[in-house]
Amino acid sequence: MSTQTETAAGAARKRRPLTAAEKHGVLAMPPLDYTKEVARQTAALYEKVAHHIPAIEWPVHAPYVYWINRLKKERGAVILAHNYQTPEIFHCVADIRGDSLQLAREATLVDEEIIVQCGVHFMAETSKLLNPDKTVLIPDLRAGCSLAESITGADVRLLRERYPGVPIVTYVNTSAEVKAESDICCTSSNAVRVVESFDSDTVLLIPDEFLAQNVARQTSKKILTWKGHCEVHERFTAEELLAYREADPGLQIIAHPECPPDVVKIADYTGSTSGMIEFARRRQPGARVLLVTECSMASNIEQEAKGVRFIKPCNLCPHMKRITLPKILDSLIYMREEVVVDPAVAERARRAVERMVNLKTN
Ligand code: 13P
Ligand code: SF4
């Protein structure tokens with residue numbers, strides 16, 4: 001290579017932002033033995049997941065839990081985990097837990113330079129939008145979402161052309177590109193109030209058709225939507241819920257608003273994942289609660305609402321399940337996978353997320 005080309009390559013390297021690994025460095029993989037020290041340091045954490053992980057399996061998880069907690073301190077990192085993360089992530093390594101809105105709000109408050117997002121890609125992207133100068137990592141970049149996959153920025157531009165003047169609310173389960181084309185975002189916990197924050201009689205609420213239909217029942221506004229569905233919640237049926245209720249008339253049914261409307265109509269309570277946890281916490285001991293949502297929520301909730309019996313006809317979210325303890329450890333060691341958003345898209349997408357976060361909806 002000539003000196004001139006070398007200089008050009010060096011200059012190009014200087015112009016591009018440093019990767020997370022270049023900025024923070026890479027560490028050596030620690031030994032993953034179940035030592036006495038690891039057993040002692042993780043014993044209290046094991047108590048929180050003992051209902052879910054047999055004692056014989058703990059020596060496999062414990063070294064990861066130990067090293068993740070140690071390295072996140074050394075790195076100055078914070079771990080944000082969604083309510084659908086597995087119990088060993090949710091209870092043993094997460095610093096902040098919550099539903100999508102809580103995680104977005106908390107992301108605006110963190111002091112740490114590195115955020116490890118245990119959830120799906122749109123959640124990590126939202127954290128990055130709110131923290132453009134921080135390093136945001138997701139342990140597996142392939143952790144997607146069927147709702148986010150259902151719509152593109154070009155689709156939203158077409159909707160705007162077709163419905164001029166109609167405000168566009170996009171569910172936070174979308175890509176930054178889609179958020180950038182919308183007026184504001186919403187989550188399952190504030191969708192009704194976000195929709196009602198507009199003067200317009202008609203509002204586009206995209207891309208979750210079922211969420212939009214469930215919101216439409218709670219507002220006088222005309223709601224237009226899209227044909228996206230959550231592949232986890234669309235599978236629940238009214239028939240199966242009615243069969244459970246017939247077998248146990250005292251059963252309380254709680255469902256996520258991504259479920260089809262005929263499922264939501266049967267439920268005693270519908271709300272965000274954190275709303276469901278709160279509902280379960282307020283039950284009397286001995287209550288029987290049917291959880292119409294993702295499987296890990298059921299395991300996580302059990303710890304929060306002791307004495308309540310949960311019935312779990314749950315469906316797994318394959319995307320959430322891509323996040324595992326070994327991959328979180330890899331994130332902290334190798335600083336991967338870094339979440340980057342095109343700055344031109346990021347600015348407009350951030351506006352839509354910030355409008356939601358700043359709206360005093362709950
Ligand atoms: P919540 O905002 O209620 O946590 O929902 C996120 C999600 O992906 C549910 O499927
Ligand atoms: Fe997406 Fe449904 Fe998985 Fe939530 S549960 S991340 S909405 S596919």
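Predicted model: local features only at pLDDT ≥ 70, side-chain atom pairs only at ≥ 80, totals over all residues.
**Briefing: helix packing, domains and ligand shells**

Residues are numbered from 1 along each chain as its sequence is written, while chains are lettered from A and ligands numbered from 1 in the order in which they are written.

**Helix packing**

- Helices (H or I, at least four residues) are DSSP runs, numbered from the N terminus.
- H4 (residues 58-75) and H17 (residues 325-334) pack at about 25°, with their axes 9 Å apart; axes are lines fitted to C-alpha atoms over the stretch in contact, and angles run from 0 to 180 degrees between N-to-C directions.
- H4 is therefore roughly parallel to H17, a term for angles under 35 degrees.
- His 61, Tyr 64, Val 65, Trp 67, Ile 68, Leu 71, Lys 72 and Arg 75 in H4 meet Leu 325, Pro 326, Ile 328, Leu 329, Leu 332 and Ile 333 in H17, contact being C-beta atoms, placed from the backbone, within 7 Å.
- The contact of H4 with H17 comprises eleven nonpolar, one polar and two charged residues; Ala, Val, Leu, Ile, Met, Phe, Trp, Tyr, Cys and Pro count as nonpolar, Asp, Glu, Lys and Arg as charged, and the others, Gly among them, as polar.
- H6 (residues 100-107) and H7 (residues 121-130) pack at about 30°, with axes 9 Å apart, and are therefore roughly parallel to each other; their crossing is right-handed.
- In H6, Ser 100, Leu 103, Ala 104 and Ala 107 meet Met 123, Thr 126, Ser 127 and Leu 130 of H7; five of the residues in this contact are nonpolar, three polar and none charged.

**Domains**

- The domain assignment, which is automatic or from a database, gives domain 1 (3-143 + 321-334), domain 2 (147-229) and domain 3 (233-316).
- Nine residues of domain 2 are in contact with 13 residues of domain 3; the domain 2 side has two nonpolar, six polar and one charged.
- The C-alpha centres of domain 2 and domain 3 lie 26 Å apart.

**Ligand shells**

- The residues around ligand 1 (C-beta atom, placed from the backbone, within 6 Å) include Asn 83, Asp 99, Ser 100, Cys 230, His 256 and Glu 258.
- The shell of ligand 1 has one nonpolar, eight polar and two charged residues.
- Among the 13 residues around ligand 2, Cys 145, Ser 146, Cys 230, Val 232 and Cys 317 come nearest.
- The shell of ligand 2 has seven nonpolar, three polar and three charged residues.

How values were computed:
Helix = DSSP H or I, 4+ residues; strand = E, 2+ residues; numbered from the N terminus. Parallel < 35°, antiparallel > 145°, perpendicular 65-115°, else oblique. Left-handed = near helix turned anticlockwise from the far one by under 90°. Contact = placed C-beta atoms within 7 Å.
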